[in-house]
Amino acid sequence: MEIIIQPDRTEWNKILKRPQIDNSVIVPRVKEILDTVRRGGDKALRHYAKLFDNSDITELRITDAEIADAKKNVSPELAEAIKTAADNIRRFHSAQEYKGIEVTISNGIKCIQKSVPIQTVGIYIPGGTAPLFSTVLMLAIPANIAGCPRIVMCTPPDEEGKIAPSILYAVKLCGVTDIFKTGGAQAIGAMAYGTESIPKVDKIFGPGNQYVTVAKQQVSLFDTAIDMPAGPSEVMVLADRTAHPAFVAADLLSQAEHGADSQSILVTDSEEFAEAVNTEVYNQLGELSRREFAEKSVANSKLIVLKGRNDIIEMANTYAAEHLIISMDDPWAVADKITSAGSIFIGNFTPESAGDYASGTNHTLPTNGWATAYSGVNLDSFNKKITYQEITRDGLAELAPVIDIMAVTEGLDAHANAVRIRLK
């Protein structure tokens, strides 16, 4: 990994630049796929299942029998782990429930805000080299807690037209109402436009490859909402001499194994520590089953040495990491000064993988610097806030002069008249 020693502040943005994706081919290809799905519906989805997944699909909907059979192919140990993770995720997200507010502004004027669940949500679950059954829990559980009446899930089949048993087992625990065998950009199109089998959804959630990411961006312009802008996954570790080089290296590699375009960054105040972490990265790399992916990611990753604590905090806020691990002396003092991060992991014994799977927080987080403005998925992501107001005649009479002069000044006479006519 590249080690950068005390770079000048003017160089930070260049150093922290994320891997760039060449969209010149992907964007028009995704548009073609989306247009084909819009026109062709289920037929187009079957065509793309054959083309991309080498899978002959006759029935897109996954049956209850297929879900029931999945349990037979999930080990008792994994089943218990999934249940434990689901319980933790449910507990943390249930605590986020919004109770609503009601405020009497003045005599005769009452304002209310209530939370209303999104009626139909779409969840995309990647398959391929790493079927993300954990993402089923992260998205379907809060949707279920929020009270979304319809939870639609799409995930790509294997060559035999089957879905990973671990995904289907997770589905049983989460209240998903409709599950379909389709993946990639075509699945995003199906949920955005609707097909003969798949209902149009109001909002799409979930990670995916570059094609899925671009598809979500394209459909969000006119057709449906999405959870957040997204890019390749990333982690930044803040560490000093109180950290353990082997722990830090393991965290960097746990992110790197996601894919070649993932990014892992260490920021420390010790060149000696950076060297130790670099050695550990290559020691551990050889033991990984996904070494090929991790090696390419490591090439995009950096070990950065800064002068001290304040510079480390400033760089963390500049980068706005999806995952931020703080392995430093008095880590909460550092965390209190972080203004931009998707999720923060405190101390030497809080690996990112805990949040990815089972601690209870959500792992669907803003990437590519979007943590400066976006939150990770939470219970609010599946709700809308609707405001209400109720005004009596006396309340309107008291407020009328304020409304009248503001409306007239803006040149909106009809607004003023809507008040005047009620008081005549």
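**Close-up views of a predicted model**

**View 1. Helix α2 spans residues 23–40.** In this predicted model, helix α2 contains 18 residues and extends 25 Å from its first C-alpha to its last, close to the 26 Å expected at 1.5 Å a residue. Gly41 follows α2, and the phi of Gly41 is positive, near 60 degrees.

**View 2. The buried residues of α2 are Ile26, Val30, Ile33, Leu34, Thr36 and Val37.** They lie on the same side of α2, because the arc they cover around the axis is only 160 degrees. An α-helix has 3.6 residues a turn, so residues three or four places apart point the same way. On the face of α2 turned away from its buried side are the exposed residues Ser24 and Arg39.

**View 3. An open sheet is built from 6 strands with parallel pairing.** The strands follow the order β1-β11-β10-β9-β12-β13. At the edges stand β1 (2–5) and β13 (343–346); each has a single partner strand, so one side of each is left without a neighbour in the sheet. On average, neighbouring strands of this sheet are turned by 15 degrees against each other, direction ignored.

**View 4. Strand β1 pairs with strand β11 (residues 302–305).** The two strands run parallel and are joined by 4 bridges. Within this pair, Ile3 stands opposite Leu303 in β11.

**View 5. Helix α10 (residues 245–256) packs on the sheet.** Helix α10 touches β9 (234–239), β10 (263–268), β11 and β12 (323–327). The direction of α10 makes about 170 degrees with that of β9. Helix α13 (residues 309–319) also packs on the sheet, where α13 touches β9, β10, β11 and β12. For α13, too, the direction makes about 170 degrees with that of β9.

**View 6. Ile67 is located in helix α4 (residues 64–70).** The relative accessible area of Ile67 is 11%, so this residue is buried, the cut-off for buried being under 20%. Apart from neighbours within four places in sequence, Ile67 is in contact with Ile62, Leu168, Val171, Lys172 and Ile179. Ile421 lies 354 residues from Ile67 along the chain, and the C-alpha atoms of Ile67 and Ile421 are separated by 61 Å.

Methods: Residues numbered from 1 in each chain as written. Predicted model: local features only at pLDDT ≥ 70, side-chain atom pairs only at ≥ 80, totals over all residues. Heavy atoms only, no water. Buried < 20%, exposed > 50% of the residue type's maximum accessible area, 1.4 Å probe, protein only. Contact = heavy atoms within 4.5 Å. Pairing = 2+ DSSP bridges. Axes fitted to C-alpha atoms, helices over the stretch in contact; angles between N-to-C directions. Expected span 1.5 Å × (residues − 1). Arc of directions from axis to C-beta.
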